[in-house]
Amino acid sequence: MSAPGNTSDWPTFSFIGIPGLESAHMWISIPFCLLYLLALGGNILLLLLVRSEQNLHEPQYYFLAMLALTDLGLSLSTMPSVLAIFWFDIHHIGLDACLAQMFFIHTLSSVESGVLVAMAFDRLVAICAPLSYSRILTHYTVVCLSGAALLRGATLLAPLPFFLRTFPFCGANVLSHSYCYYPDVLNLACGDVTLSSVYGLVCVLCTFAVDVIFILASYMKIVGTLMKLGIQDRSWKSLHTCACHLCTVLVFYLPLLSLAVLHRYSEETSPLLYTTMSNAYLLVTPLLNPLVYSLKSRQIQAALRKRFWVQRVVAGE
């Protein structure tokens, strides 16, 4: 492995941490570590609730469990490099480790987007075809939709590491994130990266763009159905179940779009803002998803009350 700065087939890459606040990295690590622990704990709690509570054994909560699982994967994919910077002042990562981290981050992000589509389909069927819900959303359908999201992400994004391995890297090889991000690593490659850049754009269009269109179309159909029912018959309870999903969609896509915009205009963006948004992209979503469902879903709230009330009773005995 060569020192960063030389052209090599086995380069190392450098993470920048938070520019201008290097002396405070140890203090900054405290809230970062707490947020990571909250994200891990919240998603593990959701998984345990869905597994143990019989009234949560429904398609929408199976998709929620899949969402929590991908959020756990995203947190665990970024946590080592972020905390290594803050705790141990380790800023370097090898090519293979960088490509592995990049693959998991992008694949899990694609899977999460696919799960959000499956959740939109679940709400679409529940509101627009309630009598056919149990016939359409079977366990087999849930497995197929979840498997399709995983297969799409892994298949589309598997070529990305191989594309990057074909390029030599020269210069300082300094990444602008605290983790390996495909456009960021591609910018450091020497040679013609047109094909790799176009393929990356195709991946974005085939995943996030298609998913956003389907989610928007689903909610347009849902709103249209509710409007046709009339005010007196409108199912506000069904509409309330969509609120959790819409909040989750916003929590996922807003940081993603913000990061994409900042990356497009990175030269004009403050390094501190850019680094903060890049960390928020993979930290905020796993943290807020359990919080959104805990606050908005009555079934999750009931399961939490039941679980902790039972524990208090047992402890009191």
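**Pocket, sheet and ring pairs in a predicted model**

Q: How much space lies in the largest pocket, and what makes it a pocket?
A: About 720 Å³ of space lies in the largest pocket, a volume being the space filled by probe spheres set on grid points joined across faces, edges and corners. The term pocket stands for an open set of points on a 1 Å grid over the protein atoms alone, with protein on both sides within 12 Å along at least five of seven lines, whereas a cavity is a set where a 1.4 Å probe fits but cannot get out; lining residues have an atom within 4 Å of a point.
This is a predicted model, in which local features need pLDDT of at least 70 and side-chain atom pairs count only at pLDDT 80 or more, while totals for chains, interfaces and linings use all residues. Residues are numbered from 1 along each chain as its sequence is written, and side-chain values use heavy atoms, with hydrogens and water left out.

Q: Which residues lie nearest the centre of the largest pocket, and which element gives the most to its lining?
A: Of the 27 lining residues, Tyr181, Pro183, Gly200, Val204 and Ala260 lie nearest the centre. Two or more lining residues come from each of α3 (95–128), α7 (182–187), α8 (194–229) and α9 (236–264), and α8 gives the most, with nine. By class, the lining has 19 nonpolar, seven polar and one charged residues.

Q: What lines the largest cavity, and what is its volume?
A: One cavity of 30 Å³ or more is found in the whole structure, and the largest cavity has a volume of about 80 Å³. Its lining consists of Gln60, Met119, Asp122, Arg123, Thr241, Cys244, His245 and Tyr293, with at least two residues each from α3 and α9.

Q: Why are one side of β2 and one side of β3 left without a neighbour in the sheet?
A: The three strands form an open, mixed sheet in the order β2-β1-β3. Strands β2 (92–94) and β3 (174–175) stand at the edges, each with a single partner strand, so one side of each has no neighbour there. Strands pair if DSSP finds at least two bridges between them; β1 (residues 12–15) and β3, which run parallel, are joined by two bridges and therefore qualify.

Q: Why is the pair of Phe208 and Phe252 called tilted?
A: Rings of Phe, Tyr and Trp (its six-membered ring) pair if their centres lie within 6.5 Å, and planes under 30 degrees apart count as stacked, over 60 as edge-to-face and the rest as tilted. Phe208 and Phe252 are 6.2 Å apart centre to centre with 40 degrees between the planes, and therefore count as a tilted pair. This pair links helix α8 to helix α9, 44 residues apart in the chain.

Technical notes
Helix = DSSP H or I, 4+ residues; strand = E, 2+ residues; numbered from the N terminus. Nonpolar A, V, L, I, M, F, W, Y, C, P; charged D, E, K, R; others polar.
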